[in-house]
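Dear colleague,

Please find below the structure that I am handing over to you. My notes on it follow the display.

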Amino acid sequence: MDKFRMIFQFFQSNQESFMNGICGIMALASTQMYSAFDFNCPCLPHYNLAYGLGILLVPPFILFLLGFVLNNNISMLAEEWRRPQGQRGKDPAVLRYMFCSMAQRAMIAPAVWVSVTLLDGKCITCAFCTSVPVETLGNASHPHLSQGEIQRVLARIPCKEIYNGQQLIANEVAVRYLRCISQALGWCFVLLMTTLAFLVRSLRPCFSQAAFLKSRYWSHYIDIERKLFDETCAEHARSFAKVCIQQFFEGMSTDLVAARCHLPRKAPADAGEAAEKLLGITDRGTMNMALKSWHRCKPPLHLHPPALPTGNGWAGEGQPPMHPSVPRRETAAYFSCV
C-alpha cells in the first residue's frame, strides 16, 4: 500500500505527472479491452473489409478523443484561445505547446491499440482474406468455381468452423500468410512510433530549446494561475456564505428578542476573519463584475517591485546596495563640584 500511495502522490505532484499517469492507465486499459473483446468476423465478401478496418481504426479514434476529454488542459486551452485580448496578450507559441503536449499524450493509447491489433493479426486476416494469392498458395485451377464463388470461399477463411475451401487453399496456409503480414506491419508501426518519439525528444533541444522552455514555463504558469484563481474564488465564496448566514441568524435573533422569546446568542469569533477575506466584495453584482473583468482583461504579467534605496548613491546600475553604517555611540560624562 505504501508503494501505491507513493505512486499516487507522484501522479498528483503536478499536472504533467497526473496526465502521464492517466495516459499510462488508458494504454493498459486499451490492451485489456482488446483481450476481452470478442472478435467475430462476418465472413462475407462485402463486410469483412469494413469490419476488420473498423476494429483497427475506430477504437483508436475513440481513445484519442477520450485522451483529450480526460485532459484537464483542454478547457484551459480553449479558454485561453477564446478569451479577449484585454491587458494580457495571447502567445501562440504557448497555445501550440499546450495542444502538442495534449496530442502527444492522447496518442499513446491509440498507438498501443493499433500495435496490439496488428501484432495479433485477426483484423488483417478478416479484412484482406479475399486478397490471398490463390495462384501462389493454393490451387487456382480448381474446377466448377466462378470468381464470385471463389471470393465467397476465401471470405470464410477467418471462420474455420464453416470454411469449406480446403481444396482451393488450405485454411492454415492462408491464415499464417495474412498473420505474418500483419505482424510485420505491427513491428514496423512500433519501430516508426519509437523512432518518431526518439527524434522529437532528442532533436527538439537542438533547435529551439529557449523557445521550448519559455512556452513550457508559461503553460505551467497558466495552469497554476487558474488553480489559484479557483481556490481564491472558493475561499471568497465560503467567506461570503459564512457572513451571509451569520447576518441571517443575527437578524432572526433580533426578531426573536423583540418578541421576547430568548436572548440573542453571541456572535462567533471567526466572523470578523470571514469578513476580512471578502476583500471589499460584498454583493453579487460586484462579484460578477470582478469575474467578467478577470476574463476580459487579465492583469498584465508585470510585477511592480518596491523602490530601491538611493540614499547611499546606489541607483541600481549593477552595483550592490551598501549596508547602512552603524551609528556611533556617544558617552556623556557629568562632573559636579562641591
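Is Cys244 buried, partly exposed or exposed? The model is a predicted one, and in it Cys244 has a relative accessible area of 45%, so this cysteine counts as partly exposed. Cys188, for its part, has a relative accessible area of 51% and is therefore exposed, the cut-off being over 50%.

Disulfides

The search of the whole structure returned two disulfides. A disulfide is a covalent bond between the sulfur atoms of two cysteines.

One of the two joins Cys41 to Cys126, with the sulfur atoms 2.0 Å apart. The angle about its S-S bond is 75 degrees, and the link of Cys41 and Cys126 is right-handed. Cys41 is located in the loop between helix H2 (15-36) and helix H3 (48-70), whereas Cys126 belongs to helix H7 (residues 122-127), so this bond ties together parts that are 85 residues apart in sequence. Cys41 and Cys126 are both buried.

The other joins Cys43 to Cys159, where the sulfur atoms are 1.6 Å apart. This link is also right-handed, with 85 degrees about the S-S bond. Cys43 lies in the loop between H2 and H3, and Cys159 in the loop between H9 and helix H10 (171-258), so the pair ties together parts that are 116 residues apart in sequence. Burial applies to both Cys43 and Cys159. When the bonded cysteines of the protein are numbered in sequence order, the pairing reads 1-3, 2-4.

Helix H9 spans residues 147-154, and its residues Ile150, Val153 and Leu154 are buried. Why do they lie on the same side of H9? They cover an arc of only 95 degrees around the axis, which places them there. An α-helix has 3.6 residues a turn, so residues three or four places apart point the same way. The buried residues of H9 pack against helix H8 (134-137).

In soluble globular proteins, nonpolar side chains tend to be buried together.

Aromatic residues

The count of aromatic pairs comes to 10. Among them, Phe37 and Phe39 form an edge-to-face pair, with 6.5 Å from centre to centre and 70 degrees between the planes. Phe37 is partly exposed at 34% relative accessibility, while Phe39 is buried at 16%.

Tyr97 and Phe212 also form an edge-to-face pair, 5.7 Å centre to centre and with 70 degrees between the planes. Since Tyr97 is in helix H5 (residues 92-106) and Phe212 in helix H10, this pair ties together parts that are 115 residues apart in sequence. Tyr97 has a relative accessible area of 15% and is buried; Phe212 is buried as well, with a relative accessible area of 15%.

Phe37 and Phe39 belong with Tyr51 to one aromatic cluster. Finally, the charged end of Arg82 sits over the ring of Trp81, 5.8 Å from its centre.

With kind regards

Definitions and conventions:
Residues are numbered from 1 along each chain as its sequence is written. This is a predicted model: local features need pLDDT of at least 70, side-chain atom pairs count only at pLDDT 80 or more; totals for chains, interfaces and linings use all residues. Side-chain values use heavy atoms; hydrogens and water are left out. Buried means under 20% relative accessible area, exposed over 50%, partly exposed in between (1.4 Å probe, protein chains only). Helices (H or I, at least four residues) and strands (E, at least two) are DSSP runs, numbered from the N terminus. The arc is that of the directions from the helix axis to the C-beta atoms. Contact means heavy atoms within 4.5 Å. A disulfide is a pair of cysteine sulfur atoms within 2.5 Å. Rings of Phe, Tyr and Trp (its six-membered ring) pair if their centres lie within 6.5 Å; planes under 30 degrees apart count as stacked, over 60 as edge-to-face and the rest as tilted. A charge sits over a ring if NZ of Lys or CZ of Arg is within 6 Å of the ring centre and within 35 degrees of the ring normal.
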